[in-house]
Amino acid sequence: MHHRAPSRRTLLTVTAAAAAAAVTGVAAPLAHAEPVVSATSDDSTTSDDSATSGDSATSTRSLQRVISRMSLEEKVGQLFVMRVYGHSATAPDQADIDANFKEIGVRTAAELVEKYHVGGVIYFTWAHNTRDPQQIAELSNGIQRAGLAQPTPLPLLISTDQEHGIVCRVGKPATLLPGAMALGAGGSRSDARDAARIAGTELAALGIRQNYAPVADVNVNPANPVIGVRSFGSDPQAVATMVSAQVKGYQRAGIAATSKHFPGHGDTATDSHYGLPTVTHTRAQWAELDAPPFRAAIAAGIDSIMTAHIVVPALDPSEDPATLSHPILTGILREQLGYDGVVVTDSLGMEGVRTKYGDDRVPVLALKAGVDQLLNPPKLDIAWNAVLQAVKDGELTEARIDESILRILRLKAKLGLFRRPYVTGRGVNRAVGTAAHLARADRIAERTTTLLVNQGGFLPVSRRSHGRVLVVGADPASPSGTTGPPTGTLAAAFAELGFTATALSTGITPTATRIEEAVAASAGMDLVVVGTYNVSATSPQRTLVDRLVATGVPVVTIAIRNPYDVAWTTGQRATLAAYSWTDVELRAAVRVLAGHARPHGRLPVPVQRADDPTRVLFPVGHGLSYA
């Protein structure tokens, strides 16, 4: 009698079961450890699609047994979360293979896991990780298979920045939701919680189990170049309320939420991607302005907190970046605030953390400061070997890195990754971009749109009185690469409501020629809608609005990013704030403008006067309604 060789499906089932047994100390039955893959594809998406079951049986002792069996190299790798190019874990496009080899010294995600034993992978749109939902799920499964093929089989924690609004890595057909400042304008805890639940449910179906959201920074500086509308607002208690609600929503979806950027990036004038900002708050000011949202996140049971590459002299006189600061991460976050979850750095490729120390010292100093996960170093080989050598030399003890690994493995166990590391194609179809999710996103967005100006009750307009609409303005790139352009989205939204709409992109810095084209196109129109984007004192967008107002055709402006634009334009009949240029928020603004929805949003930040920034034009809470 001939015995068939075990199928690839069976072998992978056994591997997953072994991984679960290694952690729980109990042999996982094959029927329960059903994360298996099709024998027909290296990156197929098949298995139990439950995304939320945790490993309640997993004990600290069993996790410590796993750690004791890991090699030092495996331990060091578990601390790193790394980017990798490609849509597939084993068969990416040649250009992505080349990029991986140049930057990381490996060809594929699977090779990255095999060589460096990384504990996590971060997805980016520009790394071609997020083409479509089924592909993302297959990539996640391929990465997990690589993790379970290691000498110590461990699942990976796959992460991304899916804040929604202006930072979004997974695009359509997934549900895209209003961003933080929009939700702050809506002011609804339940909407904030539901947005996180929807976002988390869809990420979990894709195999992404750690989201670097919500942003807990309090945007008290209107000139902040990196936070802005990514923040829920300028009031610490209001931000704390929204952060807590979102943490609960992500938890309900089985996602590890990540509050960022500790100890608070809201009052900076420098972008830490390109420089090292300094926050001059006193310790008392920090406790009043910056700390409340992080306290709320911790009270809500936040799973991970991301550090900021900022200097806060009042908290650490050494003026080391917070990411590398023992007084901030251990003294304040761990000891004063009582947080014992995972601490993850912001990207180690950002200039803010690289200005004072070299790329070989940064990861070592971060771990000494109290960090657990080292995110996206510019040169993984340098960072990985530096940590390895620091342990061998005694600068870092093995006991110290074991503490971080235990936190990371606890989180993976809590998320159920040891028992169910894989996702399914069926699960993707049932969760991602569903009609119910899309409809809920539209309703949430309608409640965030803020009517700032409405001269003489000009809005709402109807297709009978203002049927011919010209839409002009800025067309910034889509955050996810799947939406827009904004002028086209706005025109299409008008058309859906029965208006005759024409779109003309004039850009963020419209030329004199383009402005005159817009003026000419306004002839015979009943209404001109201008999408403004980060208007400043010298912005030619001001000239565009002025010239269109001078035609006599009624002008309405929509601030498609910062609500502060309203201070810099004059003569328009009405202004709305959308807080982002993604489709869901722009469509909602048109529905409000046309009276198909009522404006409910209230400013979550103050808008200063353009001629005197010490005076407030519109205070927090300002927002008009229809009679």
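**Pockets, cavities and aromatic pairs in a predicted model**

The lining of the largest pocket is made up of 19 nonpolar, seven polar and ten charged residues, where Ala, Val, Leu, Ile, Met, Phe, Trp, Tyr, Cys and Pro count as nonpolar, Asp, Glu, Lys and Arg as charged, and the others, Gly among them, as polar. This is a predicted model, in which local features need pLDDT of at least 70 and side-chain atom pairs count only at pLDDT 80 or more, while totals for chains, interfaces and linings use all residues. Residues are numbered from 1 along each chain as its sequence is written, and side-chain values use heavy atoms, with hydrogens and water left out.

**Pockets and cavities**

- Rolling a probe the size of a water molecule over the atoms shows where empty space is left.
- On a 1 Å grid over the protein atoms alone, a cavity is a set of points where a 1.4 Å probe fits but cannot get out, whereas a pocket is an open set with protein on both sides within 12 Å along at least five of seven lines, and lining residues have an atom within 4 Å of a point.
- The volume of the largest pocket is about 770 Å³, a volume being the space filled by probe spheres set on the grid points, which are joined across faces, edges and corners.
- Of the 36 residues that line the largest pocket, Asp-161, Val-167, Arg-169, Arg-230 and His-273 lie nearest its centre.
- The second largest pocket holds about 340 Å³ of space, and of its 21 lining residues the closest to its centre are Pro-222, Ala-223, Asn-562, Tyr-564 and Trp-568.
- The lining of the second largest pocket divides by class into 13 nonpolar, five polar and three charged residues.
- There are six cavities of 30 Å³ or more in the structure, and the largest cavity has about 80 Å³ of space.
- Among the 13 residues that line the largest cavity, Glu-163, His-164, Gly-179, Ala-180 and Arg-230 lie nearest its centre, and the lining as a whole has seven nonpolar, four polar and two charged residues.

**Aromatic pairs**

- The structure holds seven aromatic pairs, and rings of Phe, Tyr and Trp (its six-membered ring) pair if their centres lie within 6.5 Å, with planes under 30 degrees apart counted as stacked, over 60 as edge-to-face and the rest as tilted.
- One of these pairs is the edge-to-face pair of Phe-262 and Trp-286, with 6.3 Å from centre to centre and 90° between the planes.
- This pair links distant parts of the chain, since Phe-262 lies in strand β5 (residues 256–262) and Trp-286 in helix α10 (residues 283–299), 24 residues apart; helices (H or I, at least four residues) and strands (E, at least two) are DSSP runs, numbered from the N terminus.
- Phe-262 is buried at a relative accessible area of 0%, and Trp-286 is buried at 2%, where buried means under 20% relative accessible area, exposed over 50% and partly exposed in between (1.4 Å probe, protein chains only).
- The ring centres of Phe-494 and Phe-499 are 5.3 Å apart and their planes stand at 75°, so this pair is edge-to-face, and both residues are buried.
- Tyr-85, Phe-124 and Trp-126 form one aromatic cluster.

**Helices**

- Helix α10 also contains Ala-291, which counts as buried at 0% relative accessibility.
- The buried residues of α14 include Arg-400, Ile-401, Ser-404 and Lys-412, and α14 is followed by Gly-416, whose phi is positive, near 80°.
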